Amino acid sequence: MSIIKVRDLHKSFGDLEVLKGITEEIKEGEVVCVIGPSGSGKSTFLRCLNMLEEITAGEVVVDGLNLTDPKVNINEVRAETGMVFQHFNLFPHMTALENVMLAPGKVRGVPKEEAKTAGLEMLKKVGLSDKAYVYPDNLSGGQKQRVAIARALAMNPKVMLFDEPTSALDPELVGEVLEVMKDLAKEGMTMVVVTHEMGFAREVGDRVLFMDDGIIVEQDLPEKLFSNPQNNRTKEFLRKIL
Amino acid sequence: MIKSIEFDVRVMTKALPFLLTGMKMTVYFTISGLFFGFILGSIIGLGRTSKNRTLHGAASVYVEIVRGTPILVQAIWIYYALPQLLGFNLNTLAAGTAAIAINSGAYIAEVVRGAVEGVSKGQSEAGRSLGLSKLQTMRYIIWPQAFRRMIPPLGNQFIISLKDTSLFTIISAAEMTQKSQIVVAANFKYLEIFTLLALLYLSLTIPMTMVLRTIERRLDVS
């Protein structure tokens with residue numbers, strides 16, 4: 001069953017059309033990696049899936065809720081859709097644990113003690129039990145991103161969106177974040193991952209979308225897309241980066 | 001022949017209790033005025049960050065009007081002109097408090113706007129992506145971070161407003177400066193009394209500045 005349905009999605013910033021008609025379905029439990037050159041619209045596409053960008057035209061349906069329907073409460077959709085950012089965006093005035101506890105408490109009304117137990121559980125899951133009471137300033141980039149993943153997971157989302165989660169990390173810290181993401185994929189989480197990590201896309205992705213100039217140019221199973229791309233633009237992109 | 005300068009400390013000690021009653025009023029104006037000024041400034045400042053054109057426009061007009069006129073004019077307008085519109089008189093306490101509130105409100109609005117806009121966009125995106133409403137995101141994520149940045153400029157505004165209360169002499173508010181003028185009108189000891197007056201202002205502003213520096217240093221550390 002498709003948990004995300006996108007139909008003819010368009011997005012413009014002023015006169016600049018960034019997404020030029022995207023139609024796509026993502027099934028429950030699927031791990032979809034989105035690759036493409038910078039400026040191709042892949043991050044914008046991802047940000048439209050939880051309406052961090054306003055949708056110019058077309059339709060996005062997440063878990064049966066149409067995001068462009070004014071009657072739909074966007075906060076409810078977002079509570080079901082975890083997002084991980086390139087620059088972590090942890091709340092610097094809160095400890096790691098408080099970062100993780102905030103949304104369950106304020107959005108779902110989970111009592112404090114319960115949220116704390118669950119929060120510690122989430123931090124354990126990303127291997128950071130010992131950092132629960134540490135402020136983000138005292139964490140490494142990799143640790144920050146793992147807290148950010150725990151924070152998103154604490155809401156028990158049905159879908160996780162990753163926006164270049166390892167692009168801002170020092171090379172030696174990329175691995176620990178990818179490991180956490182792999183575990184998540186194994187558990188059956190539905191994931192949409194905008195990434196430059198071709199190794200991850202090949203190993204973990206169920207499907208790879210190649211975007212260029214605001215459209216999905218080509219999509220296939222990772223092994224097929226990487227070894228035998230059909231479109232010239234895909235070929236050129238892969239030749240440059242591999 | 002050089003005229004010898006007379007400086008009689010006893011004149012100062014004698015006038016001190018009288019001036020201290022004025023100091024109470026000065027502090028009262030400052031604190032109550034800034035209390036309302038902070039509330040006003042927060043609302044106007046958030047209005048200035050709003051995408052809503054009416055809200056943004058109204059807030060901007062307020063800031064421009066207040067910043068474009070002297071506080072002395074604002075005080076006499078509130079005390080003498082406003083009652084003609086309202087149909088009832090304001091006492092000096094209310095007028096002085098209102099003048100500080102309205103005046104500091106405009107400057108605090110700019111402080112609030114700057115501090116809120118200084119929090120990175122990623123912070124509100126992270127909040128919203130978790131399902132928090134706009135208001136919750138402001139309250140739990142943006143405001144606490146912005147408030148830290150506000151503390152130093154708010155402290156400066158406190159000192160500025162405190163000194164501004166001296167202008168309320170013109171609406172006959174019984175604050176420190178006005179009290180000193182009453183004294184000199186009787187004894188003509190300008191040197192002693194006005195020196196004492198200046199020292200009394202310094203006795204308020206210097207500790208305040210020191211407290212402020214300490215807070216700033218602490219904020220830097222954490």
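**Reading the chains, their contact and selected residues**

Mentor: Let us start with burial: of the 222 residues of chain B, 42% count as buried. Please keep in mind throughout that this is a predicted model.

Trainee: What share of the residues in chain A is buried?

Mentor: Chain A has 242 residues, and buried ones make up 55% of them.

Trainee: How many helices and strands are there in chain B?

Mentor: Secondary structure is read as a list of elements in sequence order. Chain B contains eight helices and zero strands, so its pattern along the sequence is α-α-α-α-α-α-α-α. The radius of gyration of chain B is 21 Å, well over the 17 Å from the globule rule for 222 residues, and chain B is therefore more spread out than a compact globule. The C-alpha trace of chain B spans about 80 × 50 × 30 Å along its principal axes.

Trainee: Which radius of gyration does chain A have, and what would a compact globule of 242 residues have?

Mentor: Here the rule and the model are set side by side. A compact globule with 242 residues would have a radius of gyration near 18 Å, and the 18 Å of chain A agrees with this. The principal axes of its C-alpha trace give about 55 × 45 × 35 Å. Nine helices and 10 strands form the secondary structure of chain A.

Trainee: What can be said of the surfaces and the charges?

Mentor: The accessible surface of chain B is about 12,200 Å², with 67% belonging to carbon and sulfur atoms. For chain A, the surface is about 10,700 Å², and carbon and sulfur atoms hold 46% of it. As for charges, chain B carries 21 positive and 11 negative ones, whose mean positions are 7 Å apart. Chain A has 29 positive and 37 negative side chains, with the centres of the two sets 1 Å apart.

Trainee: What should I look for in the backbone angles?

Mentor: Most residues other than glycine have a negative phi. Phe88(A) has a positive phi of about 65 degrees; this residue sits in the loop between strand 6 (81-84) and helix 3 (96-108) of chain A. Glu164(A) likewise has a positive phi, near 45 degrees, in the loop between strand 7 (159-163) and helix 6 (171-186).

Trainee: Are Phe88(A) and Glu164(A) buried or exposed?

Mentor: Buried means under 20% relative accessible area. Phe88(A), at 12%, therefore counts as buried, and Glu164(A), at 13%, is buried too.

Trainee: Where does Glu53(A) lie, and which residues does it contact?

Mentor: Glu53(A) lies in the loop between helix 1 (42-48) and strand 4 (57-62) of chain A. It is buried because its relative accessible area is 13%. Beyond its neighbours within four places in sequence, Glu53(A) contacts Lys11(A), Phe13(A), Thr44(A), Arg47(A) and Cys48(A).

Technical notes:
Residues numbered from 1 in each chain as written. Chains lettered and ligands numbered in written order. Predicted model: local features only at pLDDT ≥ 70, side-chain atom pairs only at ≥ 80, totals over all residues. Heavy atoms only, no water. Helix = DSSP H or I, 4+ residues; strand = E, 2+ residues; numbered from the N terminus. Rg over C-alpha atoms; globule rule 2.2 N^0.38 Å. Buried < 20%, exposed > 50% of the residue type's maximum accessible area, 1.4 Å probe, protein only. Areas by Shrake-Rupley, 256 points an atom, 1.4 Å probe, with all protein chains shown as cover. Lys, Arg positive; Asp, Glu negative; His and termini not counted. Charge placed at Lys NZ, Arg CZ, Asp CG, Glu CD. Contact = heavy atoms within 4.5 Å.
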